[in-house]
Amino acid sequence: MLSTDPVCILLTSDGDISISATGRTSMASGLTAAVQGARARMSLIRGEWFLNLGAGVPYLERDGVKASEALLGQVYSPVKVRTEMRKAILSTPGITEILVLTVELDPATRAVTVTWQARTTFGDTEVDILETA
């Protein structure tokens, strides 16, 4: 795969499809596609995608996700969250190594912040922050 090969549709910072002024969709490639892919994998709830019910992070107890595996509805475990985020990031094509991975819980809001950086075949990503609500 080349850094110039289009891999996926480019998304805006708020997750919408990026559409140019002429009404065309843009494609992501290289480092941008790797970051976008990792963020999508960390956000996907296991059992949500009908083509692969095993894909995603086991956020919720449901068919295919035991209560002991679920991240929500259990006592918060930073080790469990970190392990699942690591799996999600490393399953992204082009990502070869995780350089930074921290998870922090805000007890007041119960939101988890995942801070990560990875090495890819296209270079190192910038430090990225994914916040869950």
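A polar contact is a pair of N or O atoms within 3.5 Å, where within protein one atom must be able to donate a hydrogen and the other to accept it, and where residues adjacent in sequence count only if both atoms are side-chain atoms. The model is a predicted one, in which local features need pLDDT of at least 70 and side-chain atom pairs count only at pLDDT 80 or more, while totals for chains, interfaces and linings use all residues. Residues are numbered from 1 along each chain as its sequence is written, and side-chain values use heavy atoms, with hydrogens and water left out.

**Overall build**

- The chain has two helices and six strands, where helices (H or I, at least four residues) and strands (E, at least two) are DSSP runs numbered from the N terminus.
- Read from the N terminus on, the order of these elements is β-β-α-α-β-β-β-β.
- The radius of gyration of the chain, 16 Å, is close to the 14 Å that the globule rule gives for 133 residues, so the chain is as compact as a globular protein of that length; the radius is taken over C-alpha atoms, and the rule is 2.2 Å times the number of residues to the power 0.38.
- Along the principal axes, the C-alpha atoms of the chain fill a box of roughly 45 × 30 × 30 Å.
- Of the 133 residues in the chain, 30% are buried, a word that means under 20% relative accessible area, with exposed meaning over 50% and partly exposed in between (1.4 Å probe, protein chains only).
- Among contacts (heavy atoms within 4.5 Å) between residues at least 6 apart in sequence, 33% join residues at least 24 apart.

**Surface**

- The accessible surface of the chain comes to about 8300 Å², and 55% of this belongs to carbon and sulfur atoms; accessible areas come from the Shrake-Rupley method with a 1.4 Å probe, and for residues only the protein chains shown count as cover.
- A nonpolar patch on the surface is formed by Ile9, Leu11, Ile17, Ile19 and Met27, which together have about 440 Å² of accessible area.
- Patches are made of residues with over 30% relative accessible area and no salt bridge, with like charges joined within 9 Å and nonpolar side chains (Val, Leu, Ile, Met, Phe, Trp, Tyr) within 5 Å.
- Leucine 11, a member of this patch, is found in the loop between β1 (6-9) and β2 (27-29), and at 35% relative accessibility it counts as partly exposed.

**Residues in the two helices**

- Glutamine 36 lies in helix α1 and is buried, with a relative accessible area of 15%.
- Not counting residues up to four places away in sequence, glutamine 36 touches Cys8, Ile9, Leu10, Leu11 and Ala28.
- Methionine 85 has its place in helix α2 (residues 78-90) and is buried, with a relative accessible area of 2%.
- With residues up to four places away in sequence set aside, methionine 85 touches Met42, Val57, Tyr59, Leu101 and Val114.
- Glutamate 84 is also found in helix α2, where its relative accessibility of 11% counts as buried, and its side chain makes a polar contact with the side chain of lysine 87 at 3.2 Å.
- Leaving aside neighbours within four places in sequence, glutamate 84 is in contact with Arg46, Val57, Pro58 and Leu71.

**Salt bridges**

- The count of salt bridges comes to five, a salt bridge being a side-chain nitrogen of Lys or Arg within 4 Å of a carboxyl oxygen of Asp or Glu.
- Arginine 39 forms a salt bridge with aspartate 128, with the closest N and O atoms 2.6 Å apart.
- This pair links distant parts of the chain, with arginine 39 in helix α1 (residues 30-43) and aspartate 128 in strand β6 (residues 128-131), 89 residues apart.
- Arginine 39 counts as partly exposed at 27% relative accessibility, whereas aspartate 128 counts as buried at 16%.
- Glutamate 97 and arginine 119 meet through their side chains in a salt bridge of 3.3 Å, N to O, which links strand β3 (residues 95-106) to strand β4 (residues 111-120) across 22 residues.
- Arginine 119 also forms a salt bridge with aspartate 124, where the closest N and O atoms are 2.8 Å apart.
- Glutamate 97 is partly exposed at 35% relative accessibility, arginine 119 is partly exposed at 33%, and aspartate 124 is partly exposed at 36%.
- A network of salt bridges links Arg46, Glu84 and Lys87.
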